[in-house]
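Biologist: I am new to this structure and would like to know what stands behind the words used to describe it. Could you take me through them one by one?

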Amino acid sequence: MTDLNRRSVLTLGVATAAALTLPRAVFAQADDRPEVTVAVQKVSNSNTLEMLSEQSNVGARIYTSYAEPLIGTNWVGDMSLRPSIATSWSRIDDYTIEVELRDDVKFHNGDLLTAEDVAFTFGPDRMWGGGTIAVPEAVIAASRRALPAFDRVEILSPTKLRFHNSIIDPVLEGRLASAIGMVVNKRAFLETGDWMSWARNPVTTGPYRIVEFQADSVLTLEAFDDHWDGRPPLSKLRFVETPETASRINLLRSGGADFACDIPPDQIATVEADSRFEVVGGPINNTRYTIFNKSHPVLANPLIRQALTHSVDRDLIVEALWSGRTTVPRGLQWEFYGDFFIADHENPAYDPDKASALLAEAGYAGEPIPYRVLNDYYTNQTSTAQINTENWRAVGLNVELQMVENWGQISEGAPETRGIHDWSAAASLPDPCVQMPGTWGRTSNAWRNGQWTNEEFGLLSDELETSTDRARRIEAWRRMLQIIEIEDPAYVVLHRNASFTAKRKDIQWTAAQSFVMDFSRHNWGA
């Protein structure tokens, strides 16, 4: 049920008698659609709603409700690409994709979307710098990682355009479906006049429009009934920041929330003990892993990093912390990669004796290695870090667990002062070049910051991104996994991530194969 808001009440309170005599048709009718509140661990890491700066799991959870990329993804189905703002797309040649747009897409300010808005979305003012708006350097870097081959957009008509690459990109279609490609309103962007001000209140095309965004607190959206795909099922949608698991569950039980995200497996029975609620979800296309910084003087030695990888007991983590509800993948890859899935690739085995022998060979003398950890930003993160730290110490590694408050503290200080930290990796397309080169290749933050570099890997990464020889690309990918996970470890894979969401049982809603929460009319009700 939707109550009159405070502004409406005050307006009625001061209304003149003449106004009250207006015909009934003038007054807005009550909206019979439900209002939904979602208790989340965090609303936004960057305190923005622009996915070029908010590249995170928490950002993925919210953005599809208020924004849309050119090409859609079937998040609750088979992860296939599907029409969205673009009705169709086709390859003109290895460098060019032609895109046909819908002619009935409206922005939340009422403007009709045209090819001009799409070209602006992928233009200098939002992504690359050099336009009329100053673009943050971090955003320019993110754009280059996300679209490494991008050259320009050519407008052919109000509903047709072409994307041109400077070099071959075998997965450009998938990149246009990614979160960074959410289409923005040119007029509203330019009228804002400042990139960060825009990022906190973007004008986009999703089924819900932004009403209020309070950093570190709440995001309130309301139905955009002029959405091209029809009337959204909810009148209002709120994402309320509730960092503690117990508080999210209590908010659900008290009726203050309809959904509660990031439920640890050991709390599922507690939630479902109340017959009003259920927990949905499971393993998603996201992998939890722990990263090593080669700039640290101890971790510069690959033997020590290999020892770290052989000291991780993945089976213990999955059984003790996840109740066996997730799995351990074969490295940083997914089975839905198809023929790019290297089925015989093996993770470094849990082998404490081998780890100790590697440390002896490296001449390790107990030098401290810092391990910076956030307090359960990821589900079970703290407990996982404690298990790993104890296992590392058991083989003689002096890993110092350092609890920090935010991502800024993870990366602060000179590169050589940073040792180990946690991360996750997601996949939305069945091709490793969408994720791996951008995270670990030559254009990545890891490469530029000296966190991890490897020349052979860099060359193979370039080939994976630009070659049209599929067999050769698969062999390059096989070798890349061997380098980055076995010979010269940049990280150690822990487990496939899982996302469990507690919800009211009377709500018919399906969890996605990612952190995305789909509140479109196709995923609500019977």
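Biologist: Why is Arg61 called buried?

Modeller: Arg61 has a relative accessibility of 3%, and buried means under 20% relative accessible area, with exposed over 50% and partly exposed in between (1.4 Å probe, protein chains only), so Arg61 counts as buried. This is a predicted model, in which local features need pLDDT of at least 70 and side-chain atom pairs count only at pLDDT 80 or more, while totals for chains, interfaces and linings use all residues. Residues are numbered from 1 along each chain as its sequence is written, and side-chain values use heavy atoms, with hydrogens and water left out.

Biologist: Where does Arg61 lie, and what is it in contact with?

Modeller: Arg61 belongs to helix 3 (residues 57-66), where helices (H or I, at least four residues) and strands (E, at least two) are DSSP runs numbered from the N terminus. Contact means heavy atoms within 4.5 Å, and, leaving aside neighbours within four places in sequence, Arg61 is in contact with residues including Val40, Phe239, Asp262, Ser499 and Met517.

Biologist: What makes strand 12 largely enclosed?

Modeller: Strand 12 (residues 277-292) has 13 of its 16 residues buried, so the rest of the structure largely encloses it.

Biologist: Which strands are joined to strand 12 by bridges?

Modeller: Two strands pair if DSSP finds at least two bridges between them. Strand 12 has 12 bridges to strand 16 (residues 491-504), running antiparallel, and Tyr289 stands opposite Val493 there. Seven bridges join strand 12 to strand 15 (residues 420-426), again antiparallel, with Ile291 opposite His421.

Biologist: What is meant by the largest nonpolar core, and which residues have the most contacts inside it?

Modeller: A nonpolar core is a set of buried Ala, Val, Leu, Ile, Met, Phe, Trp, Tyr and Cys residues joined through side-chain atoms within 4.5 Å. The largest has 41 residues, and those with the most contacts inside it are Leu70, Val99, Leu101, Val118, Phe122 and Phe163. Its largest share, four residues, comes from helix 4 (residues 115-121). Apart from this core lies another, of 40 residues, among them Ala260 and Leu397.

Biologist: What does Phe122 touch?

Modeller: Not counting residues up to four places away in sequence, Phe122 touches, among others, Leu70, Trp128, Phe150, Phe163 and Gly181.
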